[in-house]
Amino acid sequence: MTTHPAADLRTRFIFDDQPVRGLHVHLQHVWQHIVQRKHYPAVIQSALGELLAAGALLSSNLKLPGKLILQIQGQGDLKMLVAETDSNHSCRATARWNEQARLDDGRSLTELLGENAIFGITLQPNEGEPWQGIVPLEGSSIAAMLTAYMRRSEQLDTHITLAASEHAVGGLLLQRLPEKQIDADAWAHYTTLADTLTAQELLSLDAQHLLYRLFHETPPRVFEPEALEFACTCSRGKVSDMLLLLGGQEVGGIVAEQGSIAIDCDFCGEKYVFDDTDIQALFGMEIEAMIGQQLQ
């Protein structure tokens, strides 16, 4: 795979003659960090890539230091898709699915998720309380689900186009400026042009060439691009906190039976192993005493 100078960039643009802003994102090395850590079935890989691109687009509006988390949960063979992007321009994503199921490319996302699937957006500031919005899924694609969410919750005209391959992911977002009105015909003009974009163009063109291809008759003002990177926020300390929440009886029982407890990070694959000495230090008591504890 060749290295592209615009491999992991997010580019903002705005139309000066209409209250419309936009974003273009292209992720290559970030995406490779993710797909090389798990053997994702093609249909799940595609959906996860599109959600990652969507997260990179929507997180550009973070007003406080923190992270944006997009999550889709289902009860079918696809259990969860999650993508996180933070204010430091780092991304990560993962999926959980029924690894015993045969997942062919012919099944739609809604079929994979099953009934009662939900979509959630979480804004998690570094300081202060998180905010979360959860809605039933509307639409048969990640782009359609996000467009419906933005229309319902943000009440902003939004048009999103997403694409993913095994090598890269890309996304384009058009949005009416908040508290501004736009003529319906003008908005239809921009979205009709955006609809001519092919997946291959979205995956292969940088922002300059893509925007010229779409809007050369009314070119937008383009801002300096932002570099994005893969980064995982897992740590041994965070795993320790999780074990403390599980409680001494459960953790102590596993260590007594297996000799240690191992936790793998879903996002980066890092393995954290705690033996009996680690667990005794963590809980401040012997394994036997932990097992004998009574639930409060």
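**Exercise 1. State what share of the residues of the protein counts as buried, and describe its overall make-up.**

Solution. Of the 296 residues, 47% count as buried, where buried means under 20% relative accessible area, exposed over 50% and partly exposed in between, with a 1.4 Å probe and protein chains only. The model is predicted, so that local features need pLDDT of at least 70 and side-chain atom pairs count only at pLDDT 80 or more, while totals for chains, interfaces and linings use all residues. Residues are numbered from 1 along each chain as its sequence is written, and side-chain values use heavy atoms, with hydrogens and water left out. The next step is the secondary structure, which comprises 11 helices and 14 strands; these are DSSP runs numbered from the N terminus, helices being H or I with at least four residues and strands E with at least two.

**Exercise 2. Determine how the axes of helix H8 and helix H10 are arranged, and which residues meet.**

Solution. Begin with the axes, which are lines fitted to C-alpha atoms, for helices over the stretch in contact, with angles from 0 to 180 degrees between N-to-C directions. The axes of H8 (residues 236-246) and H10 (residues 276-283) come within 11 Å and cross at roughly 70°. The two helices are therefore roughly perpendicular to each other, given that angles of 65 to 115 degrees fall in that class, under 35 being roughly parallel, over 145 roughly antiparallel and the rest oblique. Then take the contact (heavy atoms within 4.5 Å): Arg 236, Ser 240, Leu 243 and Leu 244 of H8 meet Asp 278, Ile 279, Leu 282 and Phe 283 of H10.

**Exercise 3. Classify the ring pair of Phe 119 and Tyr 149, and locate both residues.**

Solution. The whole structure holds six aromatic pairs, a pair being rings of Phe, Tyr or Trp (its six-membered ring) with centres within 6.5 Å, stacked if the planes are under 30 degrees apart, edge-to-face if over 60 and tilted otherwise. For Phe 119 and Tyr 149 the centres are 5.4 Å apart and the planes stand at 75°, so the pair is edge-to-face. Phe 119 belongs to strand S6 (residues 118-125) and Tyr 149 to helix H4 (residues 142-154), so placed that the pair links distant parts of the chain, 30 residues apart. Both Phe 119 and Tyr 149 are buried.

**Exercise 4. Find where Asn 116 lies, and decide whether it is buried or exposed.**

Solution. Asn 116 lies in the loop between helix H3 (109-113) and S6, and its phi is positive, about 60°, although it is not a glycine. With a relative accessible area of 60%, Asn 116 is exposed.
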